[in-house]
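Please take a moment with the sequence and the structure shown here before reading on. The paragraphs that follow lead through them step by step.

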Amino acid sequence: MMPALIDILIIVLLVGTLVYAFILDRRVRALMTTLKEMEPMVGAFSSAVDQSAKSVDDLRDLSTKVQRPEPPVQRDTPQPRQAAAEPAAAGQSPAQMRAARLKGRSQVRGQAAVQGKSELVRTFFDITKERKE
């Protein structure tokens, strides 16, 4: 009597597990279908986020540039040739050169972050496609 009861219990649990696995499989398939339909929207959203991050960086750079006024130019006193040659060679004042370096650094950081997010989204959808196949 006892072994038959254990066998019946095991069979009931196995059937319950199979039913749960079937329901879970249907839900995962529905989720994958929805993700596949959302892929263009997610890509567009990712590029919009990238563009907004770039715009924020540009605005921050512009704000920094506006907040730092240019030093007054003294036209009465002639500058030595060597000191005048360095800003003239670069075509910028020292403040402008500093701002350009800061902007270059922020652009490098921004590009790394942008490429990372876009690559992350692409990788996610590539992995889901590979798992489906």
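Predicted model: local features only at pLDDT ≥ 70, side-chain atom pairs only at ≥ 80, totals over all residues.

## A walk through the model

At 34% relative accessibility, Asp-25 counts as partly exposed, because that value falls between the 20% below which a residue is buried and the 50% above which a residue is exposed.

The protein chain holds 3 helices and 0 strands, and from the N terminus on its elements run α-α-α. Of the 133 residues in the protein chain, buried residues make up 8%. The chain exposes about 11,600 Å², and carbon and sulfur atoms supply 65% of that area.

The mean pLDDT of the protein chain is 76, and 60% of its residues reach 70 or more. Confidence is highest in helix H1, at a mean of 91, whereas it is lowest in helix H2, which covers residues 81–90, at a mean of 46. Over residues 83–90 the pLDDT is below 50, and this stretch has 3 contacts in the model beyond near neighbours in sequence. Residues 108–114 form another such stretch, where pLDDT stays under 50 and the model has 2 contacts beyond four places in sequence.

Helix H1 runs over residues 2–67, and Met-2 has its place in it. With 56% relative accessibility, Met-2 counts as exposed, because its value is over 50%. Together with Leu-5, Ile-6, Ile-10 and Leu-14, Met-2 makes a nonpolar surface patch of about 510 Å².

Charged side chains bring the reader back to Asp-25. Side chains of opposite charge can pair when their charged atoms come close. The structure holds 3 salt bridges, and in one of them the side chains of Arg-29 and Asp-25 meet, at 3.0 Å from N to O. Arg-29 and Asp-25 are separated by about one helical turn, because they stand 4 residues apart in helix H1. While Asp-25 is partly exposed, Arg-29 counts as exposed, because its relative accessibility is 56%.

Lys-54 and Asp-58 both lie in helix H1 and are 4 residues apart, which is about one turn of the helix. Lys-54, at 45% relative accessibility, counts as partly exposed, and Asp-58 is likewise partly exposed, with a relative accessible area of 32%.

Another salt bridge joins Arg-60 to Asp-57, with 3.0 Å between the closest N and O atoms. Here the two partners, Arg-60 and Asp-57, are 3 residues apart in helix H1, again about one turn of the helix. Arg-60 has a relative accessible area of 48%, so it is partly exposed.

Methods. Residues numbered from 1 in each chain as written. Heavy atoms only, no water. Patch = residues over 30% accessible without salt bridge, like charges linked within 9 Å, V, L, I, M, F, W, Y side chains within 5 Å. Areas by Shrake-Rupley, 256 points an atom, 1.4 Å probe, with all protein chains shown as cover. Salt bridge = Lys/Arg side-chain N within 4 Å of Asp/Glu carboxyl O. Helix = DSSP H or I, 4+ residues; strand = E, 2+ residues; numbered from the N terminus. Buried < 20%, exposed > 50% of the residue type's maximum accessible area, 1.4 Å probe, protein only. pLDDT = per-residue confidence, 0-100. Contact = heavy atoms within 4.5 Å.
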